[in-house]
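I open these notes to record what I looked up in this structure, entry by entry.

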Amino acid sequence: MDERGAALWSDLHKRGVLTPAARVLAEEACRIVDRLEKLDHLLSGDAESWIDIVETRGNPELAELVINAPLAEARQQALALKQIFTELRMMGALAAADSGAQPTAGGGEDDELAARRKARIADAAGR
């Protein structure tokens, strides 16, 4: 990981233990943050990391300059990062950052549904 990805990884781990699914999402978020940093460099003038010179159709005398649509890619990466953070929040992995609550290993909809089910069973047993 590059600097920004490593910093995000460290911040996410300070919040508690991640479930395997949250860990995969966190790793992907770190990669995206690093990609966005590279795209930002490209958009601000550092083209070396996103420009290729390729041989044209097997002809070594002709070369083609390929630029990998950095602005469109930056938008797509930002959207992907937002979706990953939404997933992490739903899993409870970002609970500490959003609400001041203690982070949970699982969290999210499954825990909420389990709590509701337990309350219904207790209610039914009490009647």
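Leaving aside neighbours within four places in sequence, which residues is Ile 84 in contact with? I find Leu 25, Glu 28, Ala 29 and Ile 32, taking contact to mean heavy atoms within 4.5 Å.

Entry on the source. I am reading a predicted model, in which local features need pLDDT of at least 70 and side-chain atom pairs count only at pLDDT 80 or more, while totals for chains, interfaces and linings use all residues. Residues are numbered from 1 along each chain as its sequence is written, and side-chain values use heavy atoms, with hydrogens and water left out.

I place Ile 84 in helix α3, where helices are DSSP runs (H or I, at least four residues) numbered from the N terminus. Ile 84 has a relative accessible area of 9% and is therefore buried, the term standing for under 20% relative accessible area with a 1.4 Å probe and protein chains only. From Ile 84 to Ala 29 I count 55 residues in sequence, yet the C-alpha to C-alpha distance is 6.5 Å. Leu 88 is also in helix α3, and I note that it counts as buried because its relative accessibility is 1%. Leu 88 and Ala 22 lie 66 residues apart in sequence and 6.1 Å apart in space, again C-alpha to C-alpha.

Setting aside neighbours within four places in sequence, I list Ala 29, Cys 30, Val 33 and Phe 85 as the contacts of Leu 8.

Entry on the helix pair. I looked up how helix α1 (residues 3-14) packs with helix α2 (residues 20-43), and the angle is about 150°, with the axes 7 Å apart; axes are lines fitted to C-alpha atoms over the stretch in contact, and angles run from 0 to 180 degrees between N-to-C directions. The two helices are therefore roughly antiparallel to each other, a label for angles over 145 degrees. Among the α1 residues that meet α2 are Leu 8, Trp 9 and Leu 12, and the α2 residues they face as a group include Ala 29, Cys 30 and Val 33.

How values were computed. Parallel < 35°, antiparallel > 145°, perpendicular 65-115°, else oblique. Buried < 20%, exposed > 50% of the residue type's maximum accessible area, 1.4 Å probe, protein only.
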